[in-house]
Amino acid sequence: IITVVFCAFIAFVLYLRYEYSGKMKWKHYLCLYLFVIFISLCKFVYTPLLILLFLIPINRFDESKYFFTVISAIMLMCILCFSWAYICNLYGLNFGSNVDAEKQIQYILHNPFEFIEILFKTITIRWNWYIQTMLGNWLGWLNIEINEKIISMIGWILIYNTGKMIFKFEKRKIQLSIILVVFVSMILIFTSLYITCTEVENMIVRGVQGRYFIPLLVPLLFS
């Protein structure tokens with residue numbers, strides 16, 4: 001459901017940028033804050049993508065409210081994320097018998113270059129699995145395999161449609177910003193699963209599936 005909600009969020013931002021020409025009304029502000037709350041609480045690893053709120057032109061707001069609305073939405077996002085992280089730490093919500101989130105965090109802080117090596121090694125070894133599961137090669141509890149020819153066809157259709165989609169942004173820095181926030185979200189996905197689902201100091205990040213990257217495809221198409 002998070003993928004559907006995030007696609008709706010992207011559509012909402014693009015609607016306000018390219019289709020809607022008036023001032024935002026109370027229902028637009030309500031939708032904005034509901035999106036922020038839902039995405040922040042359900043999947044905090046995608047919260048950097050809420051920076052896309054800055055794609056909404058200033059003239060859609062009452063100018064005096066623009067700064068307050070966007071900044072307050074981002075602050076709300078941060079508060080919700082840190083609150084959820086605190087609750088998880090308070091009740092020790094780890095997913096595995098040999099998992100210790102506190103030790104993993106300490107390991108990352110004291111060995112940042114080793115952690116970068118772990119990320120690189122994980123992606124190098126598992127990249128094919130991530131692409132397959134992102135395109136639906138394995139469904140259910142990863143126990144239903146789909147024919148590889150169907151997956152290949154889906155992949156080629158995605159590439160073809162991506163090639164046809166041309167988005168003309170006014171500034172190049174918008175495209176670079178989108179790529180940056182997508183990259184940050186990817187790092188957060190691997191880091192969160194290394195902390196909560198991986199044994200202490202393990203050299204491979206466990207628990208990462210391709211479906212986690214599906215919401216990142218949507219903004220990546222815009223770049």
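Buried means under 20% relative accessible area, exposed over 50% and partly exposed in between, with a 1.4 Å probe and protein chains only. The model is predicted: local features need pLDDT of at least 70, side-chain atom pairs count only at pLDDT 80 or more, and totals for chains, interfaces and linings use all residues. Residues are numbered from 1 along each chain as its sequence is written, and side-chain values use heavy atoms, with hydrogens and water left out.

**View 1. Salt bridge between Arg-206 and Glu-199.** The structure holds 1 salt bridge, defined as a side-chain nitrogen of Lys or Arg within 4 Å of a carboxyl oxygen of Asp or Glu. In the pair Arg-206 and Glu-199, the closest N and O atoms are 2.9 Å apart. Glu-199 has a relative accessible area of 28% and is therefore partly exposed. Arg-206, at 41% relative accessibility, also counts as partly exposed.

View 2. Helices (H or I, at least four residues) are DSSP runs, numbered from the N terminus. His-28 counts as buried because its relative accessibility is 7%. Not counting residues up to four places away in sequence, His-28 touches Phe-12, Tyr-15, Leu-16 and Tyr-20, where contact means heavy atoms within 4.5 Å. The side chain of His-28 also reaches the backbone nitrogen of Lys-25, at 2.9 Å.

**View 3. Lys-23 in the loop between helix H1 (2-19) and H2.** With a relative accessible area of 41%, Lys-23 is partly exposed. Asn-59 is 36 residues from Lys-23 in sequence, yet their C-alpha atoms are 7.0 Å apart in space. The side chain of Lys-23 reaches the backbone oxygen of Asn-59 at 3.5 Å. Leaving aside residues up to four places away in sequence, Lys-23 touches Asn-59, Arg-60, Phe-61 and Asp-62.

**View 4. Packing of helix H4 (residues 101-110) against helix H5 (residues 112-135).** The angle between H4 and H5 is about 105°, with their axes 5 Å apart. Axes are lines fitted to C-alpha atoms, for helices over the stretch in contact, and angles run from 0 to 180 degrees between N-to-C directions. H4 and H5 are therefore roughly perpendicular to each other, a class that covers angles of 65 to 115 degrees. Tyr-107, Ile-108, Leu-109 and His-110 in H4 meet Pro-112, Glu-114, Phe-115 and Ile-118 in H5. The residues of this contact divide into 6 nonpolar, 1 polar and 1 charged. Here Ala, Val, Leu, Ile, Met, Phe, Trp, Tyr, Cys and Pro count as nonpolar, Asp, Glu, Lys and Arg as charged, and the others, Gly among them, as polar.

Technical notes. Helices (H or I, at least four residues) and strands (E, at least two) are DSSP runs, numbered from the N terminus. Angles under 35 degrees count as roughly parallel, over 145 as roughly antiparallel, 65 to 115 as roughly perpendicular and the rest as oblique. A polar contact is a pair of N or O atoms within 3.5 Å; within protein, one must be able to donate a hydrogen and the other to accept it, and residues adjacent in sequence count only if both atoms are side-chain atoms.
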